[in-house]
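Here's a model to walk through side by side with its sequence. Keep the viewer open and follow along.

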Amino acid sequence: MKKLTIIFFLILANFLGSLPAYAKNSDQYLLSQAYFEDKSNSLSISQIEQKEFIPYQEALTGGYKTGTFWLKLKIAANSQPLILKIRPVFIEEIELFDSALPQQKPLVGNKYPWKASDIEAVSYNFELAPRPAEREIYLRIKSVRSYLVNAEVMPLAQYQKSDRQELLVYAAYSTLTLLIALWLLISWVLHRELVLGIFAAQQIFAFLHTSLHGGIFKILFDDYFDPIRMNSFFSFLVVTYPLFGILANKFLLRDYGLKKSFNAVFNLLLFFSSLIITLNFLTNQPLTFNLNSLLVFITISFFLISSLFGVDINQSTLKADALPINVLRIFYFFNLALWTIAIFSLQGWLPGGDLALHSLHIYSMVSGLVFFFLLQYRAKALLKIESSRTMALKSEADHERKQREEQSMLMAMLSHEIKTPLSVLKLVVDEKVSGSDLEGHANRAVNNINFIIERCLQLGKIDAKSTQVHKKTFRLDDFINNLLYQFKTQSYTSLTCHENPIVHTDQDILRIIVSNILENAIKYSPKASQIYIETSAQDINGTPGVHVQFINDVGSMGAPDPQHVFKKYYRNSSATKISGSGLGLYLVYELMQLIGGLVSYQFQQNKVIFKLWIPS
């Protein structure tokens, strides 16, 4: 890419350096130039010859006008055919009136075939017949774009040489803009970053605009596309290009903490750009392109203002570190300086010349290349930042994993150490307190401690992702009845099952799930109230399974909050009087996810309902 850039700038420097020499050679054949604006768009050549023309030097800068411009050129005596060269190529219609010609030449311009010119070249041209005396010729020029017109007269050999050099420059720039567009597109595909994607789209438009503006597109595809449609497409590119520029820079500046008021102005600029695009489809008048060029000038000025006063670095993202804001400010200032020359020439506020003719190309080439390197630098810096961030996150994740492992080891050690004295305490309670009023309290206390230890161990396994799932097929009714026997709740528990309730899951994990739900129902429902368990067959997304409902009345502690019921350590504010860890339902939710099941909670008609779906 660097070699291509150096070659490109050498070609450009050679081209621009040779312009004064060509102008000097052409001056000896073009003795004077003058123009007249036909605001009525209706005057004939005989009427025009009676009008008073206004002299001008170098290029005509008529700005955006609705009338027709007539040029009167005084040609020196010549003994050999000369070529009248007319630029730029976005002029839509050019007609030559030369008394030395035996018949009228075809019209040339952006609305006519490329081969309409006498010589197939980048610029529009007419061949002027030899004449021993000076003579005046007339050009009638009509365009909806800026009346920036440059006419030169030179011998055929000189014209062919200058055309080859211009073609080389335009081809080099078209190639460069295409490579930049492809690089941005590939970068967007790899990173999927919005800013790169919009700049890639903008650069594709820049490539198409350059190919059309430089005449390359017309040379290559003149036989395949209608000139009128090609001209309309060119107009569409001109008015659409700013929209992508506004979008791209808006999202770029958002990384630097773009303030709300400035963001609103960006949205307003986008609205006006969309309005101009719509106006182009409806009218295609000089006013559209005049407004478009002014919008571009205002927009580029606003880019600089936004970078200076419209960003809050304290609100910037990590992406802002990849391209320092001061570098972006320098680019915006440089961009504004380049565009000022281009827009002032198109508006007719600066005298015309070769620099004015090539101002759009120079602006696009230099700013596009500079911004390409800025984006390339930004992409490399972002990659470096992301790599450092990834390493930091990996280090943090490793540290967290080690902490979890240490916590699990500590919990396992504590559980083992606590369980031994608990067993001893249980034996003492059974032997010394048996039959007394304290027996029930002592057993409940021991069981509560044991439950908390078991849940902490289960939580540690889930956090460490070390829980193994071993699925097998079994009857759910037998499984639940066994649990009810262990809980000694057969007298106040009602189990209703459908025929043959077969499930295929991990029996140990399901035992933990159902035990936690049953324990909650027993603990928080009114004493001696009925607990209902109902099962039924249910398919979900084509997968067969068993649906289980646990229904109990709401006790004095109230019902759980549906928004927080499955969160870790959640307990109803009224439930703190009863021993508990707040881990039971969290474990239910996590373990159901682990075995591929579903769990939900409802509170209706003063009933607490937990629903499980277990795959068959």
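Lysine 523 forms a salt bridge with glutamate 519, and their closest N and O atoms sit 3.3 Å apart; the term asks for a side-chain nitrogen of Lys or Arg within 4 Å of a carboxyl oxygen of Asp or Glu. Both belong to helix H14 (residues 507-524), and because they are four residues apart there, about one helical turn separates them. Helices here are DSSP runs of H or I with at least four residues, strands are runs of E with at least two, and both are numbered from the N terminus. Glutamate 519 is buried at 9% relative accessible area, while lysine 523 is partly exposed at 23%. The cut-offs are under 20% for buried, over 50% for exposed and partly exposed in between, with a 1.4 Å probe and protein chains only.

A word on provenance: this is a predicted model, where local features need pLDDT of at least 70, side-chain atom pairs count only at pLDDT 80 or more, and totals for chains, interfaces and linings use all residues. Residues are numbered from 1 along each chain as its sequence is written, and side-chain values use heavy atoms, with hydrogens and water left out.

By that salt-bridge rule, the count comes to 15. Arginine 135 pairs with aspartate 98, with 3.1 Å between the closest N and O atoms. That one links distant parts of the chain: arginine 135 is in strand S8 (residues 135-142), aspartate 98 is in the loop between strand S6 (93-97) and S7, and they are 37 residues apart. Arginine 135 is buried at 5%, and aspartate 98 is buried too, at 8%.

Now look at aspartate 223, which forms a salt bridge with lysine 115 at 3.5 Å between the closest N and O atoms. Aspartate 223 is exposed at 58%, and lysine 115 is partly exposed at 45%.

Four strands make an open sheet in the order S3-S9-S5-S7, with antiparallel pairing; two strands pair if DSSP finds at least two bridges between them. Its edge strands are S3 (60-61) and S7 (124-128), each pairing on one side only. Two bridges join S3 to S9 (residues 148-155), and threonine 61 stands opposite leucine 148 in S9. Helix H3 (residues 156-191) packs on the sheet and touches S5 (82-87), S7 and S9, its direction making about 130° with that of S9. Contact means heavy atoms within 4.5 Å, and axes are lines fitted to C-alpha atoms, for helices over the stretch in contact, with angles from 0 to 180 degrees between N-to-C directions. S5 and S7 pair over five bridges, with lysine 85 opposite asparagine 125 in S7. Four of the five residues of S7 are buried, so the strand is largely enclosed by the rest of the structure.

Finally, zoom out. The protein chain has 15 helices and 16 strands, and of its 616 residues, 48% count as buried. Among contacts between residues at least 6 apart in sequence, 77% join residues at least 24 apart.
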